[in-house]
Amino acid sequence: MSTEQLLKTPLHALHIELGARMVPFAGYDMPVQYPLGVMKEHQHTRDQAGLFDVSHMGQIRLTGANAAKALETLVPVDIIDLPVGMQRYAMFTNETGGILDDLMVANLGNDELILVVNAACKDQDLAHLRKHIGDQCEIQPLFEERALLALQGPAAVTVLARLAPEVTKMTFMQFANVKLLGVDCYVSRSGYTGEDGFEISVPAASAETLARALLAEPEVAAIGLGARDSLRLEAGLCLYGHDMNTETTPIEAGLLWAISKPRRADGPRAGGFPGAEAVFAQQQAGVSRKRVGLLPQERTPVREGAEIVNEDGTVIGAVCSGGFGPTLGGPLAMGYLDSQYMALDTPVWAIVRGKKVPMSVSKMPFVAQRYYRG
């Protein structure tokens, strides 16, 4: 895809002005890093506050008395009893229990839900919703009309409270209508870095004004996709299309925690989502492979796609995400391993340019998450 064909977020001109190095990502021209560089951007987010443009993500509004009930038929998550002012992590599953996409669902009250889906999946997610529940609720894509900013890091709350003091009362995964610079925004206390922070849905026309106001605060720096990736990897968070896909079930991806208890096999509203029987069977019988954390025992970074072998050289899995962890101070990876190798500290090897790199199965997150739970 040529640069001319790439889509642009409402902050595109600002990224150019800030000296960002732009790359194609999910059909958009996106900033991978700024002059500060990935390592310093990563550390700045851990120490102070980083501002990320995540407007390429898809925002979708569902409205109607049956919206929650309808959405619950597509995800293994409790939507019916999702409290007003809260959001929840969810997944669209297919008939075999594979993951079509992962998303966030927020309950605004008044029979209104806001979904945030992945950029590369947003058109197919919209089609999926329309096909399966389009007759049960109103489905409105907000792709063009709203931008999405993420303000992440320990100073995020201090910064955002200067514009809206009430955000200090919010806790992890709370969601609220908040006026910022006189503009109605949706704000959730959540993010994709493992740090405390906020995601801010703002009308596209007001996005640049808000971004400039936040960047003018002394604690805030603009952060690109490079540091976003290293931050989420240290936090042990999945990236759709890499760490999970239509061939991966929530059990294999290590996401059993995301299947709400009321929707599990022994819950009051068991199943009722695509692939439920396959998922429950795996939950009961176990799986032949699963996502695990991996720590290379040398300085060599191990990247996505690298084969993982046992002592005898037999292939036992593959790396799905990998790189260098600036806070960890070394390389790290996630991968899928055959079940007999999943125990912590099991020695395995990655094949990197024909050489065996020793690795150890590790717990996740690699760096402790610091979400604010009040």
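Which residues of the largest nonpolar core touch the most other members? Y89, I99, M244 and L255 do, out of 34 residues.

A note on the views: this is a predicted model, where local features need pLDDT of at least 70, side-chain atom pairs count only at pLDDT 80 or more, and totals for chains, interfaces and linings use all residues. Residues are numbered from 1 along each chain as its sequence is written, and side-chain values use heavy atoms, with hydrogens and water left out.

View 1. A nonpolar core is a set of buried Ala, Val, Leu, Ile, Met, Phe, Trp, Tyr and Cys residues joined through side-chain atoms within 4.5 Å; buried means under 20% relative accessible area, exposed over 50%, and partly exposed in between (1.4 Å probe, protein chains only). Among the elements that each supply at least two residues of this core are strand 5 (87-93) and helix 7 (225-234); helices (H or I, at least four residues) and strands (E, at least two) are DSSP runs, numbered from the N terminus.

**View 2. Around Y89.** Leaving out residues up to four places away in sequence, Y89 touches V77, D102, L103, M104, M173, M244, L255, W257 and A258. Touching, or contact, means heavy atoms within 4.5 Å.

View 3. Look for K122, D125, L126, H128, L129 and I133, which are buried in helix 4. Down the helix axis, the buried residues fall within an arc of 160° (from the directions of axis to C-beta atoms), so they line one face of helix 4. Exposed D123 and K131 sit on the face turned away from that buried side.
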